[in-house]
Amino acid sequence: MAQIDDLPPLRDVIARHELSALKSLGQNFLLDLNLTARIARAGGPLADTLIVEVGPGPGGLTRALLAEGAGKVVAIERDRRCLAALAEIAAHYPGRLEVIEGDALEVDIGRIVAEQGGGKQARLVANLPYNVATPLLVGWLRAEPWPAWWASATLMFQREVAERIVATPDDDHYGRLGVLAGWRTEARILFDLAPSAFTPPPKVTSSVVRLIPRETPLAVDPDVLERVVAAAFGQRRKMLRQSLKGLGIDPATLLAAAGIEPTRRAEEIDVAGFVRLANALVAGKTKAP
Ligand code: SAM
């Protein structure tokens, strides 16, 4: 196994700090330094950019990011038990690692980047806790203003979630996540990791996904887009003239305004189509008496 720094092996760190993995916190640790280095490199370029890591745990990926040349890493960790191990890494790389104890769903990362990013966007790199990975991503995709505080996101998900993120029309995995991610980013799966790469091994394969924000996504109110997408995929096998009932406007009128045939199904509609539907919904409601 590669030696990337003079810090003790991760297994020793975990044993010394008694960091038995907690399922409730989605803890599946990466101890293979070749793999952590590969993810860190995929998240780059790392120099001259603030790197934000969610869930550093015992610090395997954090160490890789620093050893691979990240100028500054801000890491947000919810598990207090990990803080002493992370403090050792911070001491080894003076001034280059700041650990924030907290729930990444609550922490205002945009503000941290505004204060510490030197006027530049940050890069997100993380082996995400699977139990909150989707809400975290949705929050980052819906960030306002846009372009957001992040210039790229290189994130580990369960393979099944990764497939939903990169899905396009006529793909079985296409749904809310695919529309949202496709609207604001270009997303692709970089590589997979077998369960055996983690300690303890999860039940499923994992994938590293890279999302690059679009500078100018199609203009639409995200809340309305989400409403339309939720209605359409809520009954994904039904024709849109049926599934879009309940939006408070006649589906036939809405679909005609968006230039979409009423017999189409949600899984056939691309991001541009959903944006047209959302904008037609806003226009239709504004016109309504
Ligand atoms: N980065 C480490 C690695 O690759 O070995 C740990 C990854 S583990 C899959 C997920 C980490 O996220 C755990 O350390 C867990 O404690 C932390 N975590 C879970 N929920 C969190 C939350 N809401 N906010 C911040 N960290 C969280």
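Colleague: In which loop is E18 found?
Modeller: The model is predicted, with local features needing pLDDT of at least 70, side-chain atom pairs counting only at pLDDT 80 or more, and totals for chains, interfaces and linings using all residues. Residues are numbered from 1 along each chain as its sequence is written, and side-chain values use heavy atoms, leaving out hydrogens and water. Helices (H or I, at least four residues) and strands (E, at least two) are DSSP runs, numbered from the N terminus. E18 lies in the loop between α1 (10-16) and β1 (29-30).

Colleague: Is E18 buried or exposed?
Modeller: Buried means under 20% relative accessible area, exposed over 50%, and partly exposed in between (1.4 Å probe, protein chains only). E18 has 63% relative accessibility, so this residue counts as exposed.

Colleague: What is the phi of E18?
Modeller: Most residues other than glycine have a negative phi. E18 is a residue other than glycine with a positive value, near 50°.

Colleague: What is the phi of D170?
Modeller: D170 sits in the loop between α7 (159-166) and α8 (176-184). With 63% relative accessibility, D170 counts as exposed. This residue is not glycine, yet its phi is positive, near 70°.

Colleague: Which peptide bond to P45 is cis?
Modeller: Most peptide bonds are trans. P45 is placed in the loop between α2 (33-42) and β2 (50-54). Omega is near 5° for the cis bond, which runs from G44 to P45.

Colleague: What is omega for the peptide bond that joins W146 and P147?
Modeller: P147 belongs to the loop between α6 (133-141) and β6 (150-158). The bond joining W146 and P147 is cis, with omega about 0°.
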